[in-house]
Amino acid sequence: MQTFFTNFINPHLSFSLCRLCCSILFFFQYCLFSTFSQEVYLNEDLRNSTSKFYQLAVKAWPHFNYVAPHLLNEKKKKPKPSRDTRIRLGVASALFGPSSVTADFGETMARLSRKIFEVIYVDVRDSRPLDSPYLLKRASKGDQVVEIKLAYDEKDWLDEARKSIAALDLDILLYLDLTMSNKIQRLAMSRLATVQATSHGHPVTSGIDKSVMNFFVSWGAAELPLEEAKTHYTEELMMLPADSLHQYYKPLISKSGVSSVTGMPFAQFDRKVLARDFKIPAEDNWYLCMQKPFKRHPLFDDLIAGVLANDSKGLVLLHDLYIESEEHREIIHDRLVRAGVDMNRVHFIPTLPHHVLMAFYKESDVVLDSYLAGGCTTTREAIEVGAAVVTLPANYLGGRWSLAYFMQIGVLDTVSIMYWGFFSCFLHLLDNSDNFMK
Amino acid sequence: MASAAYVSGYSESTEAAAAMFSEYHRGMDRLLSLPSLGMEQFNEDGDPFQVHILHAAQLKFRPASF
């Protein structure tokens, strides 16, 4: 298998699959069906599947198993005299953005006490073409930024990345996200710091052996009770307190109603304007779900059908495909029809500029959280503009963010604890919309 | 098997999503059970894992909505 994929990375070979894929340097993700896709299988045993993914990866490519030389004799290791007493914390990501990862972690990392921590950002360049504004700012504030540059040869890249990070002599290496970049996913199989941890930039366990990836840092409010939640992770689960927000939250909407993402106001997009521009009947009840379509598990179709069956004036507005695929369009259509959905009452909305999206949240009667994989940033944004979000929590972290946010603000009217309770939430909302919005 | 089945949101049904996941596990279990991993594992006709890889490659190059 190793030979097979090593052959893949040689562009001179004429093997048929090689021709198909010769522009790609490395086929790790094709062989192993990147764990990113597993996020949406939230009714399966993800710890088991991601663990197998890891085991298979290191079996096929034994060089992924690696311990930095300076960690091999840790007990004998003496502190270097040149080092100060601060904890040397490496913060690694391939998504320093702008991205949901910087939105989630950026301010929190920036606000860690520099008297306690020496924060070193490890910028794993993957697909981002430009410099990260976040990292430029952090560097201007005195933080060290180490860039792991792209390389043509993937093995050279991995060796160089390991050397660069090991040379930092980190006490803790924290990966903010492990599955959204296959480079990070491979790098994380190495032990490069005394303690290694990952977190919820992508809310799925790494599957990596606990001796390599020691901890998963999650948020108590968004997890099941510890005894159950820890069965979801190959790492040891560490939870931030449930009674406060897990991150430093910076609102994306100004008090004057301007999106900080686009710098544009959204008050001008009232219901009449949106109805006209997107050809949606203004007078009906709008149930909006702007989660990306890959998050809409087929189980969610029944919920959509139930919404429409319970509200004769209801219209469901769903995020359209953001990359056109006739096959996927047909599947989505046929699935909804099979679930009993009247497709005349479903409207597909394209990807929107942030301020227009905020207007949709504000003008919709109900915002639906997707199921099984739910929203995090999207739920926060919807709450910011005063929208009513109905959620059905799943068992895994990726399907429980909305519940956690509602627990923080003490509003649980829109959290359904049962599959079919979803509909009673809507009816309750529509009957009490004035009170709820207050 | 449609390539779309690789992401549950594009699966044809709940059952198809579950079947895809099971197939994925079977492929991984089979490879993990082998004493070593070599090219010969990919040359058997009808090998589900080979099909899996081909579909994954096609999914990327089509491109699909994911």
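A salt bridge is a side-chain nitrogen of Lys or Arg within 4 Å of a carboxyl oxygen of Asp or Glu. The views below come from a predicted model, in which this rule gives a count of 17 salt bridges over all chains.

**View 1. The salt bridge between A:Arg111 and A:Glu107.** A:Arg111 counts as partly exposed, with a relative accessibility of 44%, whereas A:Glu107 counts as buried, at 18%.

**View 2. A network of salt bridges that links A:Glu107, A:Arg111 and A:Lys250.** Side chains of opposite charge can pair when their charged atoms come close.

**View 3. The salt bridge between A:Asp143 and A:Arg138.** In this pair the closest N and O atoms lie 3.0 Å apart. A:Asp143 is buried, having a relative accessible area of 8%, and A:Arg138 also counts as buried, with a relative accessibility of 10%; both residues are described in this way because buried means under 20% relative accessible area.

**View 4. The salt bridge between A:Asp320 and A:Arg329.** Here the closest N and O atoms are separated by 3.1 Å. A:Asp320, at 16% relative accessibility, counts as buried, while A:Arg329 has a relative accessible area of 31% and is partly exposed.

Methods: Residues are numbered from 1 along each chain as its sequence is written. Chains are lettered from A and ligands numbered from 1 in the order in which they are written. This is a predicted model: local features need pLDDT of at least 70, side-chain atom pairs count only at pLDDT 80 or more; totals for chains, interfaces and linings use all residues. Side-chain values use heavy atoms; hydrogens and water are left out. Buried means under 20% relative accessible area, exposed over 50%, partly exposed in between (1.4 Å probe, protein chains only).
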